[in-house]
Amino acid sequence: MRFALSEAERQGFGAVRAIVGARVGAAGLHQGAPLAKEELQALFLALAPLGYLGSTLARADGGHALSPLAFGALVEALAPEYTLLGNHSVQRYLAAFGSDAQKRAYLPSLLDGSGIGAIAITERDAGSDLAALATTATPKGNVYVIDGEKTWVTHGLVASLFVVLVRSPAGLTRFLIGADTPGLSLSAMHPIGLCHLSFARLRFEHCEVPASARLGGDGEGAAGAKSAFPLARVLAGLQALRLAESAIENAMAYARERKILGAALDRREIVQDGLARLLTEHAALRLLAYRSLCALEADGALGTAAGLKAAAADLALKACRFCAELQGSDALDTHARIHALERDARMMAVVDGTSVLNRLVLGRRPSLFRSTD
Ligand SMILES: Cc1cc2nc3c(=O)[nH]c(=O)nc-3n(C[C@H](O)[C@H](O)[C@H](O)COP(=O)(O)OP(=O)(O)OC[C@H]3O[C@@H](n4cnc5c(N)ncnc54)[C@H](O)[C@@H]3O)c2cc1C
C-alpha cells in the first residue's frame, strides 16, 4: 500500500509547479479570457517532456507509460491555477480504441502538444444519464450523418479534434470528428469559473463523416466511456483537493494576520477547530486518491473513485465557505481570491458527474477499501 509519492513522482509534481509558476506568477488564478490556442499549445509543449500528454499510454503508441500515480502527480500539480487542463483523455481513447490508421493520423500531434483534443458527450438533457443521449448518427452508404447538439465541451473553441459520443442504430457509438468538418458549428459558453478554459456548444447539422471516422465498434461507445470514469474521477478529485488546499492556506494566512480583541484569529479555538477539521479531511482524501490511483483495476474502483470525487468537491466548497466566513467583509470584494476559488470549486462539483450522482454510484455498490485490503 502506497502512502506517498516517490522521489521521482515528487520531482514531476515540482516540475509542473515550476512551469505553472513561470506562467501565472504572482497574478494567481486566471480571471480573464480563456487561454488562446497558442498559449495552450505552448503550455502543452512545456508539459509534454514530463509525460503529461503521453500519460499512461504504452510506449508502443508513443506514450510515456507512466503509472497512474505518477501521472496523477502531474495533473494534481496543475491545480489550482490550471485546473482541468486536460488534453490527455483523447490520446487514451485513441490508444484504446483507435485503428492503426487513426493512431497514425492523430496521435503524433496530440502527443507533441500541437494538436488539442476534446471530448463531446454531454447534451442539454443528458449529462449523468448517458442513456438519454439524443445526438444521432444515421448510416447512409459509406458515411454517417450526425445531427444534434453537445454542450460544455472543454477546449471546444480551440480543439482540432473531437471524440463525439452519439446514438447510431446499433447503440452509443464514438466518432472522431475534426473541428473544420462541414456541418459542425461551435459557439462559446460562459462559465462562472475555470476561466482559463474555453467551453463550447457543438451543433451538428447534417454533418457527414466517413465510416472510417468511427472510433471503436458500432454500438460500443458506452463501455468505452465508462472505462474512462475511474481515472477521470480520481484526477478530478485530486484537483478539487488542490482547490481546497488553496482555500485552507488562504484562511490560515488571513487568520495569522487578522487581530480580533487583541489576538490573532488563529489563536481562537473556534478557528483552530475549523482548520483542524478541514486539514484532516483534506489529508485523508488525498491519501484515498493516491491509494485509488494504485488500484484502478480493483473491484469497486469505480465506486471508490466516484465517492472520492464527490467528497473532494464537497470539501473544496466547504473550505471556500469557511475561508469566506473567516474573512468577514474582506471577502465581500468581488475580486477576492476566495470567490475565484469557490467558482472553480462549483465547476468541479459538476464535472465528471455531479456530487449527488457520484455518491449514488458508490452507494449502489458500496465498495471502499477495507482494512484487510
Ligand atoms: C468544468 C466542466 C467541464 C466539462 N467538460 C466536459 C467535456 O469536456 N465534455 C463533455 O461532454 N461534458 C463536459 N462537461 C459536462 C459534465 O460532464 C456534465 O455537466 C455532468 O456530467 C453533469 O451533467 P449535467 O450537467 O447534465 O447534470 P445532470 O446529470 O442533468 O444533473 C442535473 C441534476 O440531477 C441530479 N441527478 C443526476 N442523476 C441523478 C439521480 N440518479 N438521482 C437523483 N438526482 C440525480 C444531479 O445531481 C443534478 O442536481 C463539463 C462540465 C463541467 C462543469
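Is Y93 buried or exposed, and what is its relative accessible area? Here are some friendly notes on the aromatic rings, to read alongside the structure. Please keep in mind that this is a predicted model.

1. Let's settle the opening question. Y93 has a relative accessible area of 8%. Buried means under 20%, so Y93 is buried.

2. Now look for ring partners. The structure holds five aromatic pairs. One of them joins F44 and Y52, and this pair is stacked. Their ring centres are 6.5 Å apart, with 10 degrees between the planes. Both F44 and Y52 are buried.

3. Stay with these two rings for a moment. Together with F71, F44 and Y52 make up one aromatic cluster.

4. How exposed is F97? F97 has a relative accessible area of 29%, which makes this residue partly exposed, whereas Y93 is buried.

5. F97 has another neighbour to find: the charged end of R174 sits over the ring of F97. The distance from that charged end to the ring centre is 4.0 Å.

6. Finally, visit F229. R233 lies over the face of this ring, at 4.3 Å from the ring centre.

Key. Residues numbered from 1 in each chain as written. Predicted model: local features only at pLDDT ≥ 70, side-chain atom pairs only at ≥ 80, totals over all residues. Heavy atoms only, no water. Phe/Tyr/Trp six-rings, centres within 6.5 Å; stacked < 30°, edge-to-face > 60°. Buried < 20%, exposed > 50% of the residue type's maximum accessible area, 1.4 Å probe, protein only. Lys NZ or Arg CZ within 6 Å of the ring centre and 35° of its normal.
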